[in-house]
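Have the structure open and click along as you read.

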Amino acid sequence: EALLIVEKPGMIIRDSLREFAGIASKAHGIFDVHIQQANLTPHYRIDFKPPGFPKLVDAILPKGSLKPFAKMIEKAVKKSATKELHRKAREFGVFENPNSYEGVEADLVLMPDSRVLYPKIEETNRYKFTGPILSFNQNSSPDWIDRFADDWRKKIVITNGTTASHDKTRLFYETFGGGKFAVALYTNDEIDSEYLPNNFYGGNKFNLASLLKHADAFVHHGGIGSTYMG
């Protein structure tokens with residue numbers, strides 16, 4: 001809000017977790033573009049019960065129903081955050097959108113997904129599929145790629161994701177550290193090689209795409225980039 005008093009952009013482009021930017025853009029009459037995964041939009045509906053929230057999901061997702069996934073997220077994960085966002089929207093004098101967990105709806109939602117994955121979502125003037133938006137040139141191929149490629153064992157590539165918010169390195173050591181497999185481990189923070197099991201390569205950031213063609217299996221954190229590469 002303080003920035004928009006000084007700066008007068010014609011457009012705000014944001015991704016998830018920047019909901020306040022959407023509210024502020026509405027208050028100032030600025031065109032609001034939200035880059036959002038398709039399954040988080042009100043138009044994506046599910047007919048299954050994710051195992052993470054069994055009791056809560058039973059209450060909000062009756063058997064056989066089709067509910068917007070965004071509403072399930074609102075109730076299961078973002079209840080307190082959603083309440084605050086709606087309060088802020090009212091405070092800014094912005095019309096609340098009850099179908100959006102963030103309290104407002106963007107002027108344009110760009111979904112960096114393939115419509116093949118979500119064929120039941122109809123594109124409108126407000127919701128558009130862009131196809132995957134990917135960039136993996138930030139890291140070079142590792143200097144050990146040839147040794148990994150020539151390793152006689154079955155090969156596993158593992159990534160914790162760029163945020164490393166779900167760090168499972170100890171689990172990977174215990175599961176794959178016996179020497180049966182050759183393992184390339186991508187981590188956000190560099191791990192000293194002396195702490196890696198003998199059959200592990202990496203322990204740092206590297207160009208994932210250059211390794212996947214050699215992999216027999218790919219274990220990843222479910223991020224959109226890793227999912228597409230897999």
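Start at aspartate 15, which is partly exposed because its relative accessible area is 35%. (Buried means under 20% relative accessible area, exposed over 50%, and partly exposed in between, with a 1.4 Å probe and protein chains only.) A quick word on what you're looking at: this is a predicted model, where local features need pLDDT of at least 70 and side-chain atom pairs count only at pLDDT 80 or more, while totals for chains, interfaces and linings use all residues. Residues are numbered from 1 along each chain as its sequence is written, and side-chain values use heavy atoms, with hydrogens and water left out.

**Around arginine 18**

Aspartate 15 has a partner: its side chain meets that of arginine 18 in a salt bridge, 3.1 Å from N to O. Here a salt bridge is a side-chain nitrogen of Lys or Arg within 4 Å of a carboxyl oxygen of Asp or Glu. Arginine 18 sits in the loop between strand 1 and helix 2 (19–28); helices (H or I, at least four residues) and strands (E, at least two) are DSSP runs, numbered from the N terminus. With 46% relative accessibility, arginine 18 counts as partly exposed. Histidine 34 is 16 residues from arginine 18 in sequence, and the two are 9.0 Å apart in space, C-alpha to C-alpha.

Strand 1 covers residues 11–15 and includes methionine 11. At 43% relative accessibility, that methionine 11 is partly exposed. Met11, Ile13 and Phe31 make a nonpolar surface patch of about 290 Å². Patches are made of residues with over 30% relative accessible area and no salt bridge, where like charges are joined within 9 Å and nonpolar side chains (Val, Leu, Ile, Met, Phe, Trp, Tyr) within 5 Å. The areas come from the Shrake-Rupley method with a 1.4 Å probe, and for residues only the protein chains shown count as cover.

**Salt bridges**

How many salt bridges does the structure hold? There are nine, and these are three of them:

| Pair | Closest N to O |
|---|---|
| Glutamate 123 – arginine 115 | 2.6 Å |
| Arginine 153 – aspartate 151 | 2.9 Å |

Glutamate 123 is partly exposed at 36% relative accessible area, and arginine 115 is partly exposed, also with 36%. Buried or exposed, then, for arginine 153? Arginine 153 is buried, with a relative accessible area of 15%, and aspartate 151 counts as buried at 11%. Salt bridges that share partners also join Arg14, Lys26, Asp32 and Asp107 into one network.

**Aromatic pairs**

The structure holds seven aromatic pairs. Rings of Phe, Tyr and Trp (its six-membered ring) pair if their centres lie within 6.5 Å; planes under 30 degrees apart count as stacked, over 60 as edge-to-face, and the rest as tilted. Take tryptophan 144 and tyrosine 201: their ring centres are 5.4 Å apart and the planes are at 40 degrees, so this pair is tilted. Tryptophan 144 lies in the loop between strand 6 (127–129) and helix 6 (145–150), and tyrosine 201 in strand 9 (residues 200–204), so the pair ties together parts that are 57 residues apart in sequence. Both tryptophan 144 and tyrosine 201 are buried.

Phenylalanine 176 and phenylalanine 181 form an edge-to-face pair, 6.1 Å centre to centre with 85 degrees between the planes. Phenylalanine 176 counts as buried at 16% relative accessibility, while phenylalanine 181 is partly exposed at 23%. Elsewhere, ring pairs link Trp144, Phe148, Tyr186, Tyr201 and Phe206 into a cluster.

**Asparagine 199**

Which residue's side chain reaches the backbone oxygen of phenylalanine 181? That's asparagine 199, at 2.8 Å. A polar atom of the asparagine 199 side chain also lies 2.7 Å from the backbone oxygen of phenylalanine 176. (A polar contact is a pair of N or O atoms within 3.5 Å; within protein, one must be able to donate a hydrogen and the other to accept it, and residues adjacent in sequence count only if both atoms are side-chain atoms.) Asparagine 199 sits in the loop between strand 8 (181–186) and strand 9, and is buried with a relative accessible area of 2%. Leaving out residues up to four places away in sequence, asparagine 199 touches several others, including Arg153, Gly178 and Val183; contact means heavy atoms within 4.5 Å.

**The whole protein**

Zooming out, the secondary structure comes to nine helices and ten strands. Of the 230 residues, 42% count as buried.
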